[in-house]
Structures are given as structure tokens and as C-alpha cells.
Amino acid sequence: MSARTGRWICSFSFLLLCAASLPMLGNANLLQELGPQEYFSSLQAGRVSLAYFSRNVSPSAQPFLEQIENSVEALQDYGISVVKVNCPKEDVSRYCGKENALRKAYLFRGNILIREFPTDALFDVNSIVANVLFALLFNEVKYVETLADLQNIENSLKGRSNMVFAYVPATGTAEHRAVMEAAFVYGTAHQFVLTTEATLMKDTGNDEPDVSSARLFFCHCQRAMDLAQPCRRTPMEQALTMLNIHRHLKLMGAPLVTEVAEDPEKVSTVHLQLGLPLVFILSQKETYEADRRTAEFVAWQLLGKAGVALLSRDVVDLNVLLRSNVALKTPDEGVPIKYLVLEDTDEVITLVEDKSKFEQIRENEDEEEEKENDNQDIQDDQVVEAISRDRKQELPLEQILTLTEETFHSALLEAARTVVLFYASWEAVSLAVLRSYVEVADHLKGTQGVLLSQVNCWDWPGVCTKENITQFPTIKIYEKRGRSLTYNGMLGTEELARFIILSQVSCPLKLATIDEAEGYLRGELPSELSSYHHTSVLGVFSKATSVAREAFVEAGNILSGHVTLGMYFEDDALALSRKYAVSPPALLLARSRGQSVEGIALSKQNAQDIVQMIRYELLDIFPEITVQNLPHYLQLGKPFLIMFSDGDIGQIESKEMLKLAKGRPQQAFVTCWLNLKNTPVGHGVLKAYFATLPSLPVLVWVNLHTGGQVFKFPPDQSFSEVNILSWLEKLKAGLEIPSSNLSEEDWKPPLPAYNFLQMMETTVPEFTLHTSYSHGDTQEQQQPEGSEEKATVREEQPKESGVKAEKGQSPGRDLRGTAPRLARREKRHSEL
Amino acid sequence: LRLALCAGTICTTGSAAFLYHDYCVIGAGPSGLQIAYFLQQAGRDYVVFERSHAPGSFFALYPRHRKLISINKQYTGKSNSEFNLRHDWNSLLSHDRRLLFRHYSRDFFPDADTMVRYLEDFASLLKLQIQYNTAIVHITLDRDQQAWNGHYFVLTDQNRQNYKCSSLLVATGTWVPNVVNFPGSEYVEGYETVSINPEDFAGQTVLILGRGNSAFETAENILGVTNFIHMVSRSRVRLSWATHYVGDLRAINNGLLDTYQLKSLDGLLEGDLEDLAIVKDKKGKLHITLRFYLENRNTSAGIDSITLPQDELDNFATRAPYDRVIRCLGWKFDFSIYNRSLRLMPGKGNKKKYPQIKPSYESRGTRGLFVLGTASHSVDFRKSAGGFIHGFRYTTRAVHRLLENRHHSVPWPSTVYPTTQLTNSIIKRVNEASGLYQMFGVLADIILLRENATAFEYLEEYPVGVLAELETQTGRKAPNGLFVIIMEYGRNFSGADKDVFYYNRAVGEAQHAWQSNFLHPVIYYYKRLPTEREMRLRSPDWSLPRPDAIHHIVEDFLTDWTAPNAHILPLRRFLENCLRTDLRNFFAESCFLFAFTRQKLPPFCQQGYVRMQGLVGSKRLQRHAVDAGLLEDYTVADFTGDRLFGSREGSQDQLLRDHAMPVRPLQHLVNAKDE
């Protein structure tokens, strides 16, 4: 590193020398103070000076004077003297006399006024130097405003000279100064073009230009032959500073590919001097043309990042493998050249661009492989890992009957209902559910008529196949009568316990009298159900409507365990339905006890439609979203208007939101809220949405299904229905900027797999289409038909690799095999 | 039309009367009974012809010394009935659990009579359609465009009764003794008739021709009472534990190797039997000489004029005279009953005892003729178990499935699963499947991917040699790529001259699994079905052509491939990279977070949580996941102000970061340097 900075200083002093060699005026370091007469008489032809006229120092001019003083030194480097001209009081000449002339600075070459600057344009040293040089180099630096201007210049340069195109967001900035300073030095070598128009950046092929930062491109117009094509551009990756620009221009000036015919250790190019690596493409007579093309291709890719040299093996006697085709020389002293066998140009690029990969390749190839594999054998499945960490925990299985192929059928006859968990003892999700199942068993201890049992399908595949178990785990409830029900709800303790209890009641429950029906709507249910029961749904049918009634019964079978359904179809059903202002067939809904009963006409005659309808009706208008209930609302496929609250939601907010939700029954979105105390993972959601935690409660609009934009309700507005609605209008009109967007990314494999195919390629060549490597060319060879040739190849391979043994073997893992494995015979082959 | 014609199972064509069946099976041995069982289960019209009065007549006679060398394991420590078949080499496949061989014998190596009894029970309990005392003496073809295969098979029995069949299933085994002819071969006794009473050999010197299990079994029986025994054969002895081929010399029969190698008492010799000659002297002793000497001698001279090798080479190995010479050279297929038009040809080289068949077990010469059982062993001779009950019970089932698809439009049985079950379905099969295990390298499970890889179809035990014809042979479609699951031994591990006990023979680490030596599962991935050409051009000792990716599950001492990190994790990574998706499991809470923060969900959340079947997980498990850094605990942190985001370099990040990591392509494609 120190060597690198050394070179830096060296090249910069060269620059200073250029500047310092210009003739100087007067003393260095000091702001000259002269009278007007003295000043004008001292002006020499060709000398540039910046003058500021002052009568008496006004307080407003003070900061400007300070900046002028600070820039004296910088301007002197470019042979520009800075003079403060003290005007006598009585002077009424051109510069001293007028009041507004005193608010300006003047740039003279000899005694010719080049430009006058308002003092507010010269606010600091950067702006002073930038503006002064900008004025001086009016011819050398073309300022463009339109794309057409730029193209005209570009076209005029083609075949003649190169162009340096810079964009600065504003003049007078440090970047602007850096460009002007560079132009001062290189202005004769290249055509400099400057713009402050961001639109020109958009048209330069950058998809998403960052218009807030300055950019500089080197346009290779000199070699551009085709007038129709724009010149090839090399952007400067580093920040726009004088040093970086200098460095960049040096690199652009260097030959694209250097031909080398000497010991590469002794080669030095401008790249190495500037602290960049040098890539050698190893060539030989036979492949020279192809290698030359390769080198040029690589060189263009690496322009500004590394140098490329073509090294002829025929001339230089290299003591390296014949297969090696690329060498890398780093600028660091004492690091030997690394010879490599690479397979495509991308690898060369990666070698230079990706430092980490670069480091890896520098390591021994073996170790590199080892390193890459490190993460692959680390478990990244949260369920599997949790189960394996829990494997020593003994499960209290006393409450659960373990069934076998022999006992399965007899066990089903013992209790009114037998719950069976079919699982595989090696499968993580099964084992996770088994743990919840144990909790369910504990929960339901003493419940009459329910027997909890389990079948391990790894032990008893026959019974699992017979019961049509295709997924692990599967939970089924068998009734003594022979009917069975497959559980398809959340695999959690509460949900499963609730299902088991609710499925005990027949669904739908046939109610015999109108009193029973009314009681059912009031929530009068067997006591053991009461804690699991939410909404009563009662189907009312007249005797005549048998089609709808049968469909309802079928729907009840499907929903059994998930909801409680009642059914009333006696003669006086009409009276019941009339009370709730519907006519049969109809559904009566009593959401949580004591509240009013809602009547809905049952227009659907198909069980599946009725299931859908009941499910939909059971959704809350303004639900609290939890991990457990989110899927129900996700299925609606609508955007979410969700309020995140730390604890219960406030009365006012709740009222307003409820109003909003109720206001439009056919909502185009789900109105809901989330209690961070109940659902702490909501913090994770907020973290993904916002850079900083917004003050709670926060109202958010999320397009979960389309586009994925997230909008935040303005925190300065109160949560009133009116405000929210007008905000939503603005959202729809596209007047709001999303706080964030949900990632669209696919779920790719988290890590690569072991590439056994590649590993086998080395030792078992007959398996694979052998890929032979030749310079610049790749051939896929069909393997020969005869096997004799192959046999010899096969035998030789292990011998070659037998030398490698036991290196880097992690101890303690050997005994997992069938016998201690001590050496890694035939493990892998060295590249070199 | 045919059905109408043959409604009464008696077809009348011209003057000849035929008894018609869709399927005719020749032979009621194990494979004949096995195919009969499947045909019966499927409700097909079939008949089995058996020349004897009872099934399994070969076992009534052989092995002569009555000890079967197929193992009958009573205990495995496991109750999994499919797994236990891996160590039950005698049972046939059926739904009837009474018909497991362990209910018939407690012997590890059971008696052959037990096999006869077992086969009788199998035939009678399952009510199989067998016509006993019917010896098929001639088979010919009757061309007919209406027939399934363009011709009917016409079978003639010993009573000149003709039978007409659409499909012919040959389950005759190999029962014709191999005989060599050389001067003096008339003095040789055959294995079929030689005495099995050791007393008869007391004080005798015996020469045995042959080096298979029957030769060693014969030697074993008389080893204690003879003077010495010599065995001669062209090839060197092949020990089955070294070759992993059950047809080679089994350890139970190898007592002679002890006495030869320890005390130079008995001995093995290599030599071509065709070059031998046996001369009987006046005392009745048998002398070994060479055919060469006999050809050169003066024909008119007496026995004393015959040159014996020891006349020229006085330390010639077999210079001592023998009292008996026994031929134990095995059996071959009976080719004699097939008309030339059937073009049922013997195989080449060491497979000439078997008829030539395709990997689908169909004859190369005649469509509709399938060879089952021992006679079908040319497919995997000296490799797998297709010549033995524990192997061909599965290949027979495969043939039946092919027939069901071909003639009855019943596609190969398959199960469709969601992608989330992909790893599970493979792990389940490789751990318990017996067919894959016995018929390693021959039968393979096939996973056909559905579009977008959201679901897949699982086919069991398909003959991998006809992989290219999978779509026509199974009636299933494979447009989106497939996995082939097969069991393999390590390359170059097995063999007659290999030291299979070399130190360091087993691989323990998953990353070196491809070097596994013992039988282990291998999964091949193809982006599209290999073509017939690719199958044909594959390397001769490989079951399959080069895949797009391959995975080996590392060999296991217990053949238990359920270890989460060593077995399941690398398999999951392989499958993920083939399907380019994330197959991890997630707790409901993670799915909740993904549902709110990402537009797409991983398959596990998609197929579980979103369908209201999320995995909630107990508190303790969630705690473990948090400890492992795979789940974030949002309840403990102090969520105030900026600390919320500043302080949590959380594991959720890890989870998402893992996911965002660049994916290295499975196979690095080499492109031209100069593009």
C-alpha cells in the first residue's frame, strides 16, 4: 500500500510541476493589495489575474474576501495571481466608481477583461478555482446542454482524438473543479466536454443514472471508425477527484494490450505503477491470433481495472504447466506471479473484479474448495434444526396410544372417536407436529370419547398405504361408525384441539324445536364446546327445499371441526326466518354471543359454494391479524389496509376504522389491525417496510398481491374515516410515493449443492463427455466406443492423485462411515 | 372381434381346436407363480402350464444337498415389512401376509423341501390358474393382424393339445444341465444323479468339474470322507462377497478353500475342459490326460500306449488317478421347444445359457414373448439379483406393469405429491424399498416433474434399461424433466480380484459421497428424457447416460439414510438446485413474515401456510430455532426508537441473506475464451 501511495505522490508532483513551470506574477502565498493605478500598470500581456475592487471593507464582503484569500495559493498553481484593489474614496473610475461593480470579481488576461464574476458565484475555494478555470479554458472545455450538441462533438472527433465527457450536477463544486483542473493539464490531449444536464446522463446508456453524483467517461473516439456508432465509453468508477481523473486518463492512454517477450516478473506497466494488477494471457505461435483477440476482449472488459499483456511462451521459457493459460501479477512487491488454468474470459474478469474470489484463487485450490463447502453442510432449515436440537428431549407420550399394523383396526373400535397422527419418525415436520400433538393430548386429558393415537409410517408402511397417507404428517379422526375426517387446518396445538372438540358435534346440528334454534343462536351449546365456539351459523329451510338442505348438510360435513353449524327445517321454519327478515332457505348468523342476528338468503345450491359462502361470512369486518388467521384473509386476494399497534388499538382509531370497514360491504381491500404484543413478528414486517420505526400506531396500505407497494398513512393526520378515504383516493390516483416495495425475488436454492458430476469427471472420465481444454477453444468430444483406451485412463488416475492424502481432514467425523476412513484416496486432483 | 371369436375360450380356426387365453405362462416355478399372482390380481385371462404335478418341481430335486443358499432372516430389528423383504430372499410378493417365508422355516438357510411346500401353498392359497401335468413341447406363431402383437402363440403339449395365446410368458428357468464332451466324458457322473451319501465316497479321490455353487456344495458334502478333492474349471473362483453377486461362490459353501489354502489337501485348477481327456485304466482308476495326446496316438494301440502328461512332465498336477469324476457345470435354458420363427436366440459369451432379451424382458426376436425368472438373468448376469427369487419377484412385477399399460391401458401406478414432499418421498423409498435394493442398477424409481415443479409424479421400480421408452411403456408423460433413483455399489469396488476389505474402504462425509463403495442411493437428474441413442451410447458398465446433475447419498453402515445433516440436507440442496427453488421448511411465523414482506412465498409456505395448514410449532421448538439463528425472536428486544432497527443484526436477516446468495450453476459450462 505504501508503495502505491508513493507512486501517487510522484505522479501528482508531475502535475504540479507543469503548473509551477508557468511564469508567476509577484510573490507567492499572499493576496496582493494594490491601488487601482498600480494594478492596471502592473498587468502584463498573457498573464492572468483575478481582481477584486473594494472601497472600504463592507461587512457583507468579508466572507468573500476570506475565500478569495484562501484560493490565492490554488490559483497560483495555474499562474493566476489574485489582487485586491483598494479603491480610493474619491475614485469614480469604471471599476472603483460604481457600487455594483464592487460586488464583483474580474478576471483579466493582460489588461483584457475576460470575465466578471458576481461574488456570490465564488462562495468557496472550489467554486473560485472551478469558475476561474472554466472561464480561462473556454475553448478547451466545451459546455453542452443537449444530446445533439454532444453527438456533434463526438462525431467531429471520430478518428481524430478522444473525448473526456463529464457530468457535474452543478458548477462551482469540488467535482467541477477537479474536471477543470484536469482539463487544464490534459485539455490539449483530449477534448473535454462538460454538462450539468442530467438528461444527457439518461441518454448515455445508463439505465438508472444517479444524477446526484458527478460522472466522468472516457470516450474512445480516436479508434471509432463507424460514424453511425457512438464511441465506446469507459466510465470512471471512482469519485471525481483530480487524482482519480488523472489516474483514469493515464490508464486510458496506455496501450490496450501490451506485447511482452521478457520474463513477466520484470515487466512493469503503467497499471502496475498505478497500483492495478496486470493480467498475462499466455500465448504461443499456433494460437497467436485467437489469443490476441482474447486478450483484446479481456482488455476492454478490464479497462481501468487492470492491464492486459500478451506473453509469448515461445519466446519466454516459463517454468509452468503447459495447461496454464493466464497469469496474474499484482502491484504488491514480492508477491510472485500466479499462474492459472481458467476456462473462460468471465473467470479472468471475476479474478480481477471480485477481490474475495481473487483471494480464494490465490489460496491453494484444495483449501478453496473446502472453504466453499463450509456452509453447505450447515443446516439452514429452521424446522429440521429445531427438531435436531430437541432430539434428546423425551416426549411425554403416555396420553397417546402407539398403534401398529396389528392393533390399528381394533383400536379404532375402542373410543367413539380416535384421532390418529400418521408420521414418519425421521421427518422433521412430522416430529414438530408430534410435539404439538403431545400438548393437545395434555389439553384434552379426561375428555370423554376421544382417543389420541399415533402410527409411525416408517415402522408400519402397510397401514399407512392402506389409509392413503401420501404426506407426512397426516392427522385423521376416525369415528367408531367408520366415517373418517382428515384434518386440514393449522398444525398447531390450539387449532388441533379446537378441531377435535368441535368435530365431536355433528355438523350440521339438527335442531328440533324453534326454542332450540333460538337457544343455538344465543350460543347455548354443550359446555365443553363453549370455549372453542365463536359464531353460530344456523341454516333455515322449509320442508320443500330439499336440494339446498342436502347441499347444506354436505357443506356441514366439509366444515366439520372448523365451525359449528345448526340446521332447522321444521314446519315453523318460516316463522323463524320471518323474524330475521329472510325467507328460507337462509342462513342466520349470530356473531359472538348476545349481538344481533344477521340473516342471509341462501342462493347457492352447491355444497362447495355454500362452504365458500360460510367461510366468507365468518371473516371479521375489522379483524386483528394473527399468524393463525392471516391465510383466511390472504385468500381474498385483496390489498391490506392494516394498522400496526403496540397493544390494543385505541377507541377512536378502532371506531373510525370500523366505520371505514363497514362503510362499504363489498370492500376492495381488507381492513385489519395487528397487535404487536400478540404478534411480535409484526416488528419484522415494520422493519422490512420502514428504515426507522414509525411512531405507533401506524396505518399502512400494502398491495400484497399486485405490485407490492407499501404506503404509510401520513403521521401528521388523524385516523379519521374521511382522512383515510381521501388518502386512499390519492393512492389510487398515484399521488403518493410508496415507502417501500415488497421484493419480487423468487425463492432460489439457498446454497449450491455438491457438484458430484464435476468431481466424477476427473476420475471417471468414461462417464462424462470428456471436455478437453485447448487454447481459446473448447471441444466436446464424444467418448470413444472402444473401452480399452478408457480402462488405461481409469487406472492411471488414482495413482496420480494418491499422493494427496489426509490434508485438512476434520477429526472426529470419520466414524460415520462403515469403517474408519483415514486417507482420502482419489479424493481430488490438483490443478497444477 | 377377437373377443367375440374366442368367447368360449375355445377358438375354432379351420379344423384345429384351440384353447385360448390372453396370457400363457410356461412353468409354475417361483417366477411363473409370481406372474400368475399379478395377472390374477388384475383379473386377467391367463393360464400356467406346468409339466409336473406340483409347482416348483426344480426345487423338488435341486439343490441335491437340499440346503438353499438364499437367506431367510427372522429378525431385522425393524417392523417395516417392505424393508424386511431386503433380507428375505425366498418369499414371493403377495398381499397375503401368511405367505412370508419366515412363517415356513426358522432356518437362515432353509431346506429346499420347505420351498416346495411354500410354492404349493402360494399356488393354492391364492387360487392361481395352473394346469399341471402339461408339458409344452412346441411353440409356434400364428400371424394375425387382429392379435395384440400381430401374431398368436400356438403351444402344443405332450398330448398334442393346442393352446392359443396373445402373450407368452416364459418362466421355465434354466434346467438343461450343461454337458461337455471330451474323450472319456462317459466316465463322468452328473450332479443331477451323483450320490449324495458321503459314505459312498469314503476313501476315494474325487475330481469335480466346475466351480459354481453346485460344485462347491458337492465338495462340501464329501470333504470329510474323501482322500482329497480336486476341482477344475476354466475360470478362477469368484467369491460372492468380493463380487457382490449372489450367484458367485457363497461363503457357506467354501469349506474346500480352507483345506486347499491351509493344508494343500484339496485343490483348485484352472484349465479348459474342452482340452481334457479321461482315460480309465484296468483297475478302474481315472487318469487325466489331454485331448492332444489322444489325437496323436496310434488308434490301434491299447490303453497303455496313451501318453499321460506325467510321462513328459513328471510333476504334472493331476497325475494321481481319480476314483470318480463329477460334473457340476450348471444349467441352461431349454431352447428346443421354440419354432425357428420365434427367433429365440441364445445370448453371447457367458450369457449363452440365457435367451436374448431386451431390458424390458421382451424377446429380441418376437414381440409379446417375455422371459421371466432365472431365464431372464441375461439382463443383469453377474451384476444384480435378477436370476434369483429375491430379484425376479420385482422384475416380474415390472413386466406385469408394462403389460397392463400395453394391453389394457392401465398406466404404470404412480402417486402425485406436492413439491414439498420431494425430499421425503425419496428418503422414504431409499430407506425401505426392497426392489431398488435387490435389483440395484436394474430397477429404478422415477420422479416425473410437473410443470413449474410445483408437483411431481412418483413411479416405482421401472426397468432403467428402457428409460428412453418411458412414456410409451408407462403411459406417463415426462415433459418437464425427471429424477431417476437407483442404488449402486462404488465403481471399481467389487470384483473377483479386488480386496474389498482394504483399509479406508468407506466414505463418511457427505461431500465425498460420490466415492461411496457400499450399496448406496444415487439420484440422476435429467432435464429431458434421455433418447434411445443416448441410452445406446452410454458407457457399457453404466446403467444410465450422463445426467444433467447427479447426487450420491453417502453410504451408511446401517443402510439408514435418515440423518438430517449427512443424508437429507445434501439431498435437499441437490433437489433445490435442480428445481431452482427453496425447499426448506418454515414455521408459520416465518411464512407470515414472508407473506407480508415478499411478493412470492417459498413452496413450503405456499403449499402449507397459505392453505391454512401452517406449521405453528411448539414454543420449545421455536426457541431452538431462535438459538440456531434461523428464526428471530421479536418478543425480547426492547423496541424503542431507532434501537429497533439499529440493534438487530438479526437472524431473519440471515434467513433472507442466505436466500439472496448468488446461486452457482450446477454444472459449469465451459464457453469459448474468445467468445
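A disulfide is a pair of cysteine sulfur atoms within 2.5 Å. It is a covalent bond between the sulfur atoms of two cysteines. This model is predicted, and it holds four disulfides over all chains.

Start in chain B. B:Cys591 and B:Cys605 have sulfur atoms 2.0 Å apart, and they form a disulfide. B:Cys591 sits in helix α17 (residues 588-597) and B:Cys605 in helix α18 (residues 603-607), so the link ties together parts that are 14 residues apart in sequence. The angle about this S-S bond is -80 degrees, and the link is left-handed. How accessible are its two ends? B:Cys591 has a relative accessible area of 1% and is buried. B:Cys605 is at 0% and also counts as buried.

Now turn to chain A. A:Cys221 and A:Cys231 form a disulfide, with 2.2 Å between their sulfur atoms. Both cysteines lie in the loop between β9 (215-220) and β10 (232-235), so this pair joins parts 10 residues apart in sequence.

Chain A has another pair, A:Cys457 and A:Cys464, whose sulfur atoms are 2.0 Å apart. Here the torsion is about -90 degrees, so the disulfide is left-handed. A:Cys457 and A:Cys464 are buried too.

Finally, look at the surface of chain B. Which residues gather there in a patch of positive charge? They are B:Lys348, B:Lys358, B:Arg364 and B:Arg367. One of them, B:Arg364, is placed in the loop between β16 (331-332) and β17 (369-371).

Definitions and conventions. Residues numbered from 1 in each chain as written. Chains lettered and ligands numbered in written order. Predicted model: local features only at pLDDT ≥ 70, side-chain atom pairs only at ≥ 80, totals over all residues. Heavy atoms only, no water. Patch = residues over 30% accessible without salt bridge, like charges linked within 9 Å, V, L, I, M, F, W, Y side chains within 5 Å. Areas by Shrake-Rupley, 256 points an atom, 1.4 Å probe, with all protein chains shown as cover. Salt bridge = Lys/Arg side-chain N within 4 Å of Asp/Glu carboxyl O. Lys, Arg positive; Asp, Glu negative; His and termini not counted. Charge placed at Lys NZ, Arg CZ, Asp CG, Glu CD. Helix = DSSP H or I, 4+ residues; strand = E, 2+ residues; numbered from the N terminus. Buried < 20%, exposed > 50% of the residue type's maximum accessible area, 1.4 Å probe, protein only.
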